[in-house]
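Please look over the sequence and the 3D structure shown below before reading on. The briefing that follows is meant for a reader who is new to them.

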Number of protein chains: 2
Amino acid sequence: MFGLIGKMRAQPGKRDVLLDILLRGTEHMPGCLIYIVAKDPADPEAIWITEVWNDHASHEASLSLPSVQAAISEGRPHIAGFDSSTPIEPVGGVGVPSASPAALPLE
Amino acid sequence: MFGLIGKMRAQPGKRDVLLDILLRGTEHMPGCLIYIVAKDPADPEAIWITEVWNDHASHEASLSLPSVQAAISEGRPHIAGFDSSTPIEPVGGVGVPSASPAALPLE
């Protein structure tokens with residue numbers, strides 16, 4: 001599995017607009033196991049995103065999806081910047097598959 | 001919903017032991033919707049945890065569960081420290097319930 005933890009900063013007053021775009025644009029992404037969109041309660045412009053993917057390739061491929069491309073275009077004017085983006089290697093937990101479906105042999 | 005994103009540091013060479021304790025100790029926690037345990041590929045001692053809970057109370061209550069208490073006791077000698085712990089307010093996404101079951105009216 002591959003994952004990312006990132007902190008994004010919205011333009012002043014635009015966090016809710018950006019959250020809505022993020023939620024709509026990321027509904028149907030093949031290979032995406034978890035995509036948590038969250039507000040930072042201590043920072044009125046900050047958004048935290050934690051992603052878990054089958055593998056790095058499925059994350060890369062998602063960036064070319066029309067729905068994701070549209071969300072990037074629509075969201076860009078409302079983004080002030082990215083404070084951090086940390087790749088992670090998920091190993092398990094609640095809601096995390098114990099084995100990646102993509103890693104199972106095809107029948 | 002309530003959430004946390006934290007970075008924990010294992011004692012040198014003890015990350016795998018600590019990961020195993022974390023995964024076993026957090027399997028059955030009422031109100032826990034997501035608990036992602038991940039390695040930091042760029043830092044051999046670092047562990048990232050992203051948690052999503054029905055509410056803050058269910059997270060607090062989990063700290064008193066015997067299984068969690070046992071994991072804390074077993075894990076503590078292998079923990080060097082905590083680099084960060086950020087409360088988050090999850091709003092949705094893939095794998096995140098759109099409405100908290102705890103928030104639904106009881107029948």
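The notes below start with the model as a whole and then turn to the fold, the contact between the chains and a few local features.

This is a predicted model, in which local features need pLDDT of at least 70 and side-chain atom pairs count only at pLDDT 80 or more, while totals for chains, interfaces and linings use all residues. Residues are numbered from 1 along each chain as its sequence is written, and chains are lettered from A, with ligands numbered from 1, in the order in which they are written.

**Confidence**

- For the complex, the predictor reports an ipTM of 0.89 together with a pTM of 0.90.

**Fold of chain A**

- Chain A contains three helices and four strands, which follow the order β-α-β-β-α-α-β from the N terminus on; helices (H or I, at least four residues) and strands (E, at least two) are DSSP runs, numbered from the N terminus.
- The C-alpha trace of chain A spans about 50 × 30 × 20 Å along its principal axes.
- Of the 107 residues in chain A, 36% are buried, where buried means that 20 or more other C-beta atoms lie within 10 Å of the residue's own, exposed means 12 or fewer, and partly exposed lies in between, with C-beta atoms placed from the backbone.
- Among the contacts in chain A with a separation of 6 or more, 78% link residues 24 or more positions apart, a contact being two residues whose C-beta atoms, placed from the backbone, lie within 7 Å.

**How the two chains meet**

- Chain A and chain B each give 29 residues to the contact, and on the side of chain A the largest share, nine residues, comes from β4(A).
- That side of chain A divides into 19 nonpolar, seven polar and three charged residues, with Ala, Val, Leu, Ile, Met, Phe, Trp, Tyr, Cys and Pro counted as nonpolar, Asp, Glu, Lys and Arg as charged, and the others, Gly among them, as polar.
- Because 100% of the interface residues of chain A are also interface residues in chain B, the copies meet through the same surface.

**Strand pairing**

- Between the chains, β4(A) pairs with strand β2 (residues 32-39) of chain B in the antiparallel sense over five bridges, with A:Gly93 opposite B:Ile36; strands count as paired if DSSP finds at least two bridges between them.
- Within chain B, strand β1 (residues 2-10) pairs antiparallel with strand β3 (residues 46-53) over eight bridges, and eight bridges also join β1(B) to strand β4 (residues 79-94), again antiparallel.
- B:Gly6 has B:Ile49 as its bridge partner in β3(B) and stands opposite B:Ser85 in β4(B).

**Around A:Cys32**

- A:Cys32 lies in strand β2 of chain A and counts as partly exposed, because 19 C-beta neighbours lie inside 10 Å.
- Not counting residues up to four places away in sequence, A:Cys32 touches A:Trp53, A:Ser58, A:Ser62 and B:Val94.
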